[in-house]
Amino acid sequence: MSFFIDFSWGSLNKVGEELCGDKVEFFRTHDSVIAVLSDGLGSGVKANILATLSSKIAITMLKAGLSIDEVVDTMVHTLPVCQVRKLAYSTLTIVKINQDDQVYVVEIDNPSLFFWRDGEILKVKAEERVINQRKIKESTFKLQENDTLVLISDGVVHAGVGTILNLGWGWHEVSYFLESVVNEKLSAREITNLLIEACDDLYGGNPGDDTTVVSLKVIKPKWATLFAGPPQNKEQDQEVVQALMESVGKKIVCGGTAAHIVARAIGEEVETSFYYIDSHIPPIAHIKGIDLVTEGVLTIKGAVEILKEIKLSSNFELLSKKHGAALLAKMLFEDCTHIRLLIGRAINAAHQNPDFPKELSIKLRVLEELEDILTQLGKVVEMVYY
């Protein structure tokens with residue numbers, strides 16, 4: 001793909017429900033991305049199960065290269081229709097963007113997507129057809145830099161119904177709102193948050209329906225390189241430092257030994273802070289020419305936990321903290337799309353001390369967890385071992 005697709009989503013649960021009846025799935029390959037938004041019938045556990053089944057079936061089949069006809073046909077024959085309301089088990093919006101920046105959209109009973117370009121919402125021409133008695137809308141168009149797609153569940157257009165607004169917000173009103181707030185500088189996460197917060201305000205903090213927003217923005221790739229742990233062979237020290245310093249984008253060093261390897265190779269000093277912002281996270285350090293220098297395993301593990309919580313609950317407040325783990329998580333989550341991990345395989349003797357927590361003896365596993373959660377969050381990650 002000539003551009004990178006910045007992806008973000010957020011949800012509000014219907015008041016009184018622990019589970020959201022909407023489900024989002026996202027998958028990225030080297031040449032395409034697929035996003036699926038499913039809205040299960042009703043709310044709570046039943047809706048969550050139906051939405052999860054629908055989205056999982058759709059994303060799994062599309063990843064395998066099957067057609068939308070086969071996807072819809074499978075869901076019609078696999079999942080039930082409500083016998084009381086005679087309504088479909090769930091609604092779907094599917095977006096697939098290929099390497100030529102061509103986007104294919106399928107909408108099944110969900111509100112129409114919003115296509116933002118150059119300050120306005122453009123009308124997307126969609127064609128209707130029927131697959132196994134299900135009416136679907138299909139559209140295809142070309143994307144360019146800064147274009148933004150916003151997918152919503154019907155909780156967005158129903159926001160405020162019966163309270164602030166008699167008939168709810170409505171698709172056109174949402175369109176006007178997006179035109180007034182979206183600009184080229186906003187990230188997908190910021191766009192999602194603005195719309196979710198507006199819905200929450202209209203609901204008066206008590207959502208009357210599950211409400212989900214998915215944003216996909218076309219941006220240029222942003223790079224970061226993270227060096228963690230000394231190489232097995234000391235003769236590779238210069239090689240890994242050269243790879244770090246010649247990389248474009250953010251430069252991050254995690255671990256005391258790695259920091260001293262870098263400082264020695266580039267002729268700079270490691271300036272360590274002794275100010276503990278969080279008693280569980282060691283303080284950061286500074287090296288001229290490096291964007292972030294942190295302790296190793298504990299800080300990386302803390303960043304992994306923050307990123308996992310963000311994926312689970314969209315709690316972005318965690319990124320505002322000033323300790324090393326939050327700074328690392330924020331840089332990896334907000335400031336880059338492609339991340340290269342330079343991982344030294346040398347064994348740190350301190351990590352083998354039986355008095356240390358168990359997780360300290362498994363640096364590589366922690367880094368693999370970091371790679372896994374970053375991939376789940378839509379980043380492109382490369383791991384290089386030394």
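A residue counts as buried under 20% relative accessible area, as exposed over 50%, and as partly exposed in between. On that scale, in this predicted model, Lys-137 is partly exposed because its relative accessibility is 23%.

The structure holds 12 salt bridges, and one of them joins the side chains of Lys-137 and Glu-107 at 3.9 Å, N to O. Since Lys-137 belongs to strand E9 (residues 134–142) and Glu-107 to strand E5 (residues 102–108), the pair ties together parts that are 30 residues apart in sequence. Glu-107 itself is buried, with a relative accessible area of 6%.

Another salt bridge links Arg-134 with Asp-109, whose closest N and O atoms are 3.1 Å apart; Arg-134 lies in strand E9 and Asp-109 in the loop between E5 and strand E6 (114–117), so this pair ties together parts 25 residues apart in sequence. Arg-134 counts as buried at 12% relative accessibility, whereas Asp-109 counts as exposed at 51%.

In the helices, Arg-264 forms a salt bridge with Asp-237, with the closest N and O atoms 3.9 Å apart, and the pair ties helix H7 (residues 256–266) to helix H6 (residues 237–245). Here Arg-264 is exposed at 56% relative accessibility, while Asp-237 is buried at 12%.

Lys-251, found in strand E13 (residues 250–254), is buried yet has no salt bridge, and the nearest side chain of opposite charge, Asp-291, is 5.6 Å away. A salt bridge requires a side-chain nitrogen within 4 Å of a carboxyl oxygen.

Conventions
Residues are numbered from 1 along each chain as its sequence is written. This is a predicted model: local features need pLDDT of at least 70, side-chain atom pairs count only at pLDDT 80 or more; totals for chains, interfaces and linings use all residues. Side-chain values use heavy atoms; hydrogens and water are left out. Helices (H or I, at least four residues) and strands (E, at least two) are DSSP runs, numbered from the N terminus. Buried means under 20% relative accessible area, exposed over 50%, partly exposed in between (1.4 Å probe, protein chains only). Lys and Arg count as positive and Asp and Glu as negative; His and the chain ends are not counted.
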